[in-house]
Amino acid sequence: MKRLFLLFIAVLFVAVGYCSNSEDKEQQIYYYYLQGLKADNNEKENASIGDALRYYYWSLVLCYTHPQGSTLAFPDPETGQNVIIKDWLDDRIDMLLQKIRFIPKKKPIMKNKSSVAYEMVVTDGSDRIPWLKFEYNNGNGFVESSVESGLASVELIDKGINKVDIVVCIENKADAEARAKDVFEAMEEVGSPIYFASAVKNIDVKKVQEEAENVAEYHDSTILMKKAETERLIEDNELNKMDEYLKAMNTIEKAVRNKDVAEAKGCFTPEGYEMFETLLNNGRYYILGTPEYKFVEFKDLVICRSIPMQFNFKNNVGFIRQVVFRFNKDSKKVVSIAFRLSDMAEIDILGKDQWNPESRMILIDFLEDYQTAYALKRLDYLDKIFSDDALIVVGTVLKQKQKGDIMHLATETKVRYDTLSKGKYIEKLHTVFGKNEFVNIRFLDTDFTQHKSGLELYGIQVKQEYLSSTYGDVGYLFLMVDLREDLPVIHVRTWEPEKTDNPIGFDDIIVEMI
């Protein structure tokens, strides 16, 4: 067995959202303004209107509580001339919100005795929006949800509702509480959220606009170009004879739509069916639109991509995931399922032309399995992929005590770091899985590097959004993965709350082959 000797030499010292005495609110206003500009750049692959709105809003709310907030001037990114930042942020946020459009498709995608659901394409007028948080009134209150790859859905408990109020979430108060102390305090001081009429979209779900016929035209041109380049690797392995697999997928799709898991039992191995059954016990669910299946051969598997599904939970939280099905070539039965990576994450991996094509496919499958294991609470799988002597650094955001508490703590938000053995980490996950209705992790920004030795050792740095029924945070995950064994092995797993100029990576680890 190939082994590694690892010495971790990084020093973890992070104060989340905390300004030292040498920093003031003006610097924080400028910092979030710059973060917003980075996300608000159409020329960048990871541009995000959702992130841009969040950072611009955080900068704006700090202006409201700054003594000179109405007169602070910063350079305009286009002209270079100084502008009143509060006015600029007001205008920019409003402009971005006005661009956002929710376009309903013609017919309901789900209808039963108690509710009806509609699918929507979400665009900025030209491109599909990859990710965005929003709330909508389902007839009994507001429900949290998100846009995934330009798709969203709303589930209404009153089938007589013609119009639904959708509110684009730009405040992100819970995120500020976890990561940005000064911003959260400013929100508390201001009280009510800063109102933007353009954040509210009143959508007539029964009266589809004419352009909904052409929703397929709304695609990010940069992503489409890069997808075309990287799809070559997929197409080289695309299956020619797919009749049996397509028949199985039609049976599985019918079972999901009928809410009858047993209808598709014959399409799975016992292990695959257990995963499928666990997935469909994971809140309320339904299929979005009409899946377009693609079958890819990889080693002894045929991978089917994919069924887009909406999952909704008791505490008014919902999300969309693309579900991948993996068939064994010999039995032609599904041996496992997984949540597909985002388009950009796949592009980041498949675009590494200098890497072994097989390694690229293994990395995609591995990350899909990794994020899905938390949703399906697969402790057995997680136990297998962490090496026995893995270095595991876990970060937990320590929330502030409420004002009414007897004991008064310091107001700055802090992160507690724990270095755990594999056994302790698995034990911790067992507790987490047991007390949560759901655990959902989602990878956003991604960065992949191969170790300078040329060995099949890869560093994976991803922005991870973690959400469960009891806790949520956003941070940056680093995994050092060894692909030299039959099953990928994680030797290092670390977490940081913010992306820094020098994130944890290979440079912090001495690797010695044994």
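**Ground rules.** I am working with a predicted model, where local features need pLDDT of at least 70 and side-chain atom pairs count only at pLDDT 80 or more, while totals for chains, interfaces and linings use all residues. Residues are numbered from 1 along each chain as its sequence is written, and side-chain values use heavy atoms, with hydrogens and water left out.

**Entry 1: cavities.** I searched the whole structure and found three cavities of 30 Å³ or more. (On a 1 Å grid over the protein atoms alone, a cavity is a set of points where a 1.4 Å probe fits but cannot get out; lining residues have an atom within 4 Å of a point. Points are joined across faces, edges and corners, and a volume is the space filled by probe spheres set on them.) The largest cavity has a volume of about 50 Å³.

I then looked up its lining: Gly50, Arg54, Trp131, Leu132, Lys133, Cys169 and Asn172. (Helices, H or I with at least four residues, and strands, E with at least two, are DSSP runs numbered from the N terminus.) By class I noted three nonpolar, two polar and two charged residues. (Ala, Val, Leu, Ile, Met, Phe, Trp, Tyr, Cys and Pro count as nonpolar, Asp, Glu, Lys and Arg as charged, and the others, Gly among them, as polar.)

**Entry 2: the second largest pocket.** Its volume is about 1100 Å³. (A pocket is an open set of points with protein on both sides within 12 Å along at least five of seven lines.) I found 44 lining residues, and Lys133, Glu144, Cys169, Asn172 and Ala174 lie nearest the centre. Several elements give two or more residues to this lining, including strand 10 (163-168) and helix 4 (173-179). Strand 8 gives the most, with five residues. The lining divides into 23 nonpolar, 10 polar and 11 charged residues.

**Entry 3: helix 2 again.** I followed helix 2 to helix 5 (residues 181-190): their axes come within 9 Å and cross at roughly 55°. Tyr57, Trp58, Val61, Leu62 and Tyr64 in helix 2 meet Asp182, Val183, Ala186, Met187 and Val190 in helix 5, with contact meaning heavy atoms within 4.5 Å. I sorted these residues into nine nonpolar, no polar and one charged.

Definitions and conventions: Axes are lines fitted to C-alpha atoms, for helices over the stretch in contact, and angles run from 0 to 180 degrees between N-to-C directions.
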